[in-house]
Each structure stands twice: as structure tokens, then as C-alpha cells.
Amino acid sequence: TKTKGKPEVTNYYISDTLNEENMIDIVVALEKESNHPLASAILDKFEPKNKLAIEVENQIGKGLIGDYNENTYRIGKPTSFEAVSDDYTRLNKEWASEGNTVVYVSENEKVIGLIALMDIPSEHAKATIDYFKKCGIHTTLITGDSEMTGQAVGKQLGVDQVIANVMPEDKSNIINEQKETYGITAMVGDGINDAPALVKADVGIAMGEGTDVAVDVSDLVLMKNDLSKLVKAHEISLKMNRVIWQNIIFSMVVVAFLITVSLVGLTDIAISVIVHEGSTLVVILNGLRLLKSK
């Protein structure tokens with residue numbers, strides 16, 4: 001959501017004890033069954049020597065899983081694996097500290113490789129976050145990436161809080177916590193995993209190029225993946241709020257004035273009607289000012 005949505009593979013490592021070409025064929029076969037942006041980046045990076053037909057299952061929280069030659073292969077986030085060797089842990093920390101998103105590749109749950117990907121923050125993301133911070137709005141980055149990756153990206157963007165290593169099912173709980181702590185909460189998301197959190201938020205905002213589920217459950221959709229449009233939407237909503245209150249206060253003052261002058265006999269019914277209808281026109285014209293907001 002906060003990036004350009006076009007990640008690239010920046011580094012990878014496959015165990016020296018394995019045939020790298022065979023492993024790349026398996027990785028490509030698994031990733032081609034996914035519509036995740038990271039999968040697209042991996043497919044752009046690697047050219048398979050042989051096209052394999054592997055039945056793939058996408059398990060939430062675990063990643064992509066498929067069987068080939070009586071072995072089970074899985075591609076998933078580092079925290080979903082146990083008993084990882086020090087070499088892979090070291091590379092993961094090194095690459096994640098640079099802002100990369102790292103995924104592990106395993107054979108029968110033994111990690112045999114890892115891939116680092118990076119997506120540069122959207123040119124509008126930092127400006128959007130700066131705007132909301134100036135408005136006194138608390139900003140939080142909720143990500144499934146590792147703590148180091150999340151903190152690195154959060155530092156670039158200047159967000160107030162980073163919550164990393166978040167499982168899809170935990171996002172809605174985090175939104176509830178944010179609502180209890182900070183009050184009215186808006187959530188921006190674009191993936192199928194974001195849908196429950198978008199529903200929980202007071203205002204769910206989906207990116208137009210996100211998944212259909214995220215778009216369907218959201219209150220607001222940014223038709224272009226441009227976070228600056230969110231700033232514009234907020235500015236328009238603030239202006240609309242001001243105009244509404246101006247119209248309410250003006251109408252009440254006019255009504256109170258007409259009641260007062262009528263009670264003391266300073267006007268007749270005809271003049272009161274003209275003043276009242278004139279005030280209605282003023283209210284309409286004041287509301288029409290919102291049409292200038294583009």
C-alpha cells in the first residue's frame with residue numbers, strides 16, 4: 001500500500017548442496033500460482049529451464065506449498081519456519097536491515113534457500129504521512145514483514161508506529177486496539193488479507209488496483225494507486241464539514257431572528273417568508289462551493 005507495488009528481487013541464495021537450476025524451476029512453478037506482487041517480482045527475475053506442473057496450495061500464514069518428486073516445498077515468511085540454520089538467519093537479518101522483504105524456500109520444512117525483495121516507497125507515501133502527522137493524526141504501519149524490514153521502511157516514511165510480523169488474522173485485532181487507543185481509525189489496504197481489518201476500521205480505504213475483496217468491503221476506493229488522492233479526499237471532507245456547520249449555524253440564526261422579530265411584531269409574514277427563502281438560497285450557494293474542489 002505504501003510502496004509503488006513493483007518489487008524487485010535484490011538478492012537470493014540457494015544451498016550449495018542443491019542444483020540451483022532445479023530449485024529455480026520449483027520456485028517458479030510455485031510462484032506462478034500466486035497473484036501476490038512478490039510472486040510477480042520472482043517470476044520476472046527467474047527464467048525456468050523446465051516448466052513444472054505442481055499443484056500449489058496457498059495457506060494463510062504459511063505461504064505457498066507444493067509437492068514434487070515426493071518432497072514438499074514451501075515458500076513463506078521467515079517467522080513461519082523453525083530450526084533455521086545460522087547462515088540463513090544471518091542473511092535474513094542482513095538483508096532485512098536494508099529494507100528488503102525476505103522469504104525462505106524449504107524442502108520438507110528444512111530451509112534450503114532465501115530470496116530478498118525490495119519495493120521502493122511510493123513517491124506520494126511520505127508526503128501523505130507527513131500531511132496526516134501535521135493534522136495531529138497518529139500513523140501506524142501494519143506489515144507482515146519482519147521487524148527489521150518494517151522498521152527500515154517505517155523510518156523512510158516517518159510513521160509514528162510500526163507493527164511488524166503481523167499475521168493476516170491479527171490485523172483486525174490491531175485495528176480494534178488502535179480504535180481503543182486513538183479513537184476513530186482509518187485503514188488503507190489493498191490485499192485479500194486486509195479485508196477483515198478494512199471492515200473493522202471506522203473508515204476502510206482500498207487502493208483501486210487492489211484485490212476485488214478489499215475494494216468490495218471498503219468505504220472509500222482510491223481508483224488510482226496514488227496516496228496523494230487520500231490527502232485530497234481528507235481536505236475535501238474537512239471543507240465539507242466546515243460548510244455543513246456554517247449552513248447549520250446560519251440557518252438556526254436566521255430562524256431564531258425571524259421568530260424573535262415576529263414575536264415582537266417587527267415584521268409581517270410576507271417579509272419573514274422572503275427572508276427565510278433567501279436564507280435557503282444562501283445555504284444552497286454556500287454548499288455549491290464544494291463543487292470547486294477537484
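**Cores, sheets and helices of the predicted model**

Leaving aside neighbours within four places in sequence, leucine 117 is in contact (heavy atoms within 4.5 Å) with Glu8, Val9, Thr10, Leu38, Ala41, Ile42, Asn100, Thr101 and Val103. The model is a predicted one, in which local features need pLDDT of at least 70 and side-chain atom pairs count only at pLDDT 80 or more, whereas totals for chains, interfaces and linings use all residues. Residues are numbered from 1 along each chain as its sequence is written, and side-chain values use heavy atoms, with hydrogens and water left out.

Leu117 is also listed, together with Met23, Ile26, Ile42, Val105 and Ile115, among the residues with the most contacts inside the largest nonpolar core, which has 21 residues. A nonpolar core is here a set of buried Ala, Val, Leu, Ile, Met, Phe, Trp, Tyr and Cys residues joined through side-chain atoms within 4.5 Å, where buried means under 20% relative accessible area, exposed over 50% and partly exposed in between (1.4 Å probe, protein chains only). At least two residues of this core are supplied by each of strand S1 (8-14), helix H1 (20-31), helix H2 (37-45), strand S4 (71-76), strand S5 (101-107) and strand S6 (110-118); helices (H or I, at least four residues) and strands (E, at least two) are DSSP runs, numbered from the N terminus. H1 gives the largest share of the core, seven residues. Apart from this core lies another, of 15 residues, with Tyr131, Val159, Leu227 and Val231 among them.

An open sheet of six strands runs in the order S1-S6-S5-S4-S3-S2 with antiparallel pairing, two strands being counted as paired if DSSP finds at least two bridges between them. Its edge strands, each of which pairs on one side only, are S1 and strand S2 (56-59). On average, and with direction ignored, neighbouring strands of this sheet are turned by 20° against each other. Six antiparallel bridges join S1 and S6, and asparagine 11 stands opposite alanine 116 in S6. H2 packs on the sheet, where it touches S1, S5 and S6, and its direction makes about 70° with that of S1; axes are lines fitted to C-alpha atoms, for helices over the stretch in contact, and angles run from 0 to 180 degrees between N-to-C directions.

A further open sheet has three strands in the order S9-S10-S11, with parallel pairing. Strand S9 (186-189) and strand S11 (220-222) form its edges, each pairing on one side only. Strand S10 (residues 203-207) pairs with S11 in the parallel sense over three bridges, and leucine 222 in S11 is the bridge partner of methionine 207. Helix H9 (residues 228-263) packs on the sheet and touches S9, S10 and S11, its direction making about 135° with that of S11.

Elsewhere, the axes of helix H3 (residues 86-97) and helix H5 (residues 147-157) come within 8 Å and cross at roughly 10°. H3 is therefore roughly parallel to H5, a term that covers angles under 35 degrees. In this pair, Asn92, Lys93, Ala96 and Ser97 of H3 meet Met148, Thr149 and Ala152 of H5.

The UniProt record, an unreviewed entry, places the feature "transmembrane region" at residues 243-263 and 269-291; its positions are given in the numbering used here, feature names are shortened, and annotations may be inferred rather than shown by experiment. Over residues 243-263 the chain is 100% helix and 0% strand, with the end C-alpha atoms 30 Å apart. Over residues 269-291 the chain is 87% helix and 0% strand, and the end C-alpha atoms are 34 Å apart.

Definitions and conventions. Angles under 35 degrees count as roughly parallel, over 145 as roughly antiparallel, 65 to 115 as roughly perpendicular and the rest as oblique.
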